[in-house]
Amino acid sequence: MKRLIERSRSVGEVLRWVTQNPGKVSASHYPIALHKLGQLLQQQPGPPMGAGDSRGPAGQVLEQPEFHVLCQAIVSGCAKFDNFSIVNCLYAAAALGLPGESPLVRVLEDESRSRLGRFNQKDVSMVFSSEANNKALEAIFSSQLFYENRQERFIRSMAEWLPRKAENLTPYTMALIAKYVARHRLREPRLLDTIANFLLKRGEQLDSKVIQKLVFPFSRMNYRPSNHGELFPKLEAILEQKAGSSPLATVNILMSMFQLSHFPQTVLHQVFSPGFITNVMSSPYALIVRRYLSLLDAAVELEFREYSGPRLDPRYRVLMFEHALTADEANRKYSYKGLVAEALRQLVGEECYRQDEVLPPGYCTDFLLWINRSGAVLPLSRVPAASRAAPATSPVTMSLRSSVLALTSDLQDFAPVVLSVNDKWHYCQNSDILVGSRAMRDRHLRLLGYCLVQLPYTELEKVSGIEEAKHYLRQKL
């Protein structure tokens, strides 16, 4: 039957083989028949498939009784089809140009969604490239299987058609897309600009919790959207009105804007006001807001020196992070940090560096060393105690400017150095651009007086063995 369908020379011949021999047709034959119909229609003159003109070849096929018999057979039996047949039927139906509201497509989509957890990656990719309406996109990006895996082919395709469909998507669906883009660090300008345009047009209608989800991909990918000249002032105006309605979302949005080096002054006046602070300190998420506010306050001091409004009360300052980031801990076995640590131990000795040191305002560093003017790494015992203690001093009791002064007072003798192991997940996908949080960390460490030595994974992956690693570090230092 497979050979007979594939050798058919006309649409009518395909339909006759399938509909007149039901006992010889299995589930695997239906996608073959749909694919063959699509190929034959492409060879016929007339409007393109899916053009909606019932007078064209595609429209004529949809109206044929034999085609309805074929569709009904698939609808009736698809619950018993194997995954491969379901996926291929849906993919072929999409290629054939069948409308999304047709019973065949609806049943195949429903069956596919119910099986997402059992599909392999090829099946998933084919399903997702066949569906593109709002309901389907919502189901796609809600799928844990899809969310946890990067679908390169689908994302490239989506970058082409999403701008045309964005106006018809719900904020919830767009937020799911933004979440996916951020998770997989997809610095795809067309997708990010589409989210930004959606936000510019619909921003007033959205609550702060949705806005924070749509804004996050920009800071995550360290990407200023092409419409930022209009978008950022609009976001400021929205935040001025809604700052108190969802304090955590407001602070998250501010953090995203800070990571992109944009500092909304009027919103800062509100966020650092006694009323806002009192409100958030009595909320269940007080600790996380204190962490973010402490980092925002530090960023104001380091990067927005012209700001003259209220600041965070020193009583509420805490370290943003007290230990390594969760992502770094989770990916430890894939990190080059262990190789660098052993090479550094053999090269300079354990008495000459600190590992995993947390520096105010709460940045975890991989390795912290002190180097003199001639380039030699100093043992900690030779570094003045006051300077040694300065980086670890809590921002609760010492301002950042005091920390900088303490670090640089003896700069004629030595300088503090941060070795930064930049693993693959610290960069945007397929890019040499650091994610926004990492980029802001580096800016702040430099402004605090640290010399930053970058060890990118693209260089480290070329290092083979401890001896090569020691040679590499000697060159870097």
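## Backbone features in the loops

D356 is placed in the loop between β1 (353–355) and β2, where strands are DSSP runs of E with at least two residues and helices are runs of H or I with at least four, numbered from the N terminus. Although D356 is not a glycine, it has a positive phi of about 55°, and the residue is partly exposed, with a relative accessible area of 32%; here buried means under 20% relative accessible area, exposed over 50%, and partly exposed in between, with a 1.4 Å probe and protein chains only. This is a predicted model, in which local features need pLDDT of at least 70 and side-chain atom pairs count only at pLDDT 80 or more, while totals for chains, interfaces and linings use all residues. Residues are numbered from 1 along each chain as its sequence is written, and side-chain values use heavy atoms, with hydrogens and water left out.

A positive phi near 55° is also found at N430, again a residue other than glycine. N430 sits in the loop between β5 (414–422) and α24 (436–447) and is exposed, its relative accessible area being 66%. The peptide bond from P360 to P361 is cis, with omega near 10°, and P361 belongs to the loop between β2 (358–359) and β3 (363–364).

## A buried loop tyrosine

Y307 lies in the loop between α19 (286–303) and α20 (326–330), yet Y307 is buried, with a relative accessible area of 9%. The C-alpha atom of Y307 is separated by 9.2 Å from that of F263, a residue 44 positions apart from it along the chain.

## Salt bridges

Across the whole structure, a search finds 18 salt bridges, each defined as a side-chain nitrogen of Lys or Arg within 4 Å of a carboxyl oxygen of Asp or Glu. One of them joins E160 and R190, whose closest N and O atoms are 2.6 Å apart. Because E160 lies in helix α11 (residues 152–165) and R190 in helix α13 (residues 189–202), the pair ties together parts that are 30 residues apart in sequence. E160 is partly exposed at 46% relative accessibility, and R190 is partly exposed at 36%. R190 also meets the side chain of E188 in a salt bridge with an N to O distance of 3.0 Å; E188 is buried, with a relative accessible area of 18%.

Another salt bridge brings together the side chains of D313 and R315, at 3.0 Å from N to O. D313 counts as partly exposed at 27% relative accessibility, whereas R315 is exposed, with a relative accessible area of 60%.

The structure holds 0 disulfides, a disulfide being a pair of cysteine sulfur atoms within 2.5 Å. For C78, the closest cysteine sulfur is that of C89, and the distance of 8.3 Å is too far for a bond. C78 is buried at 3% relative accessibility, and C89 is likewise buried, with a relative accessible area of 0%.

## A positive surface patch

K179, R183, K209 and K213 form a positive surface patch, that is, a group of residues with over 30% relative accessible area and no salt bridge, in which like charges are joined within 9 Å. The elements that give two or more residues to this patch are α12 (171–183) and α14 (208–220). K213 lies in helix α14 and counts as partly exposed, at 47% relative accessibility.

Technical notes: Patch = residues over 30% accessible without salt bridge, like charges linked within 9 Å, V, L, I, M, F, W, Y side chains within 5 Å. Areas by Shrake-Rupley, 256 points an atom, 1.4 Å probe, with all protein chains shown as cover. Lys, Arg positive; Asp, Glu negative; His and termini not counted. Charge placed at Lys NZ, Arg CZ, Asp CG, Glu CD.
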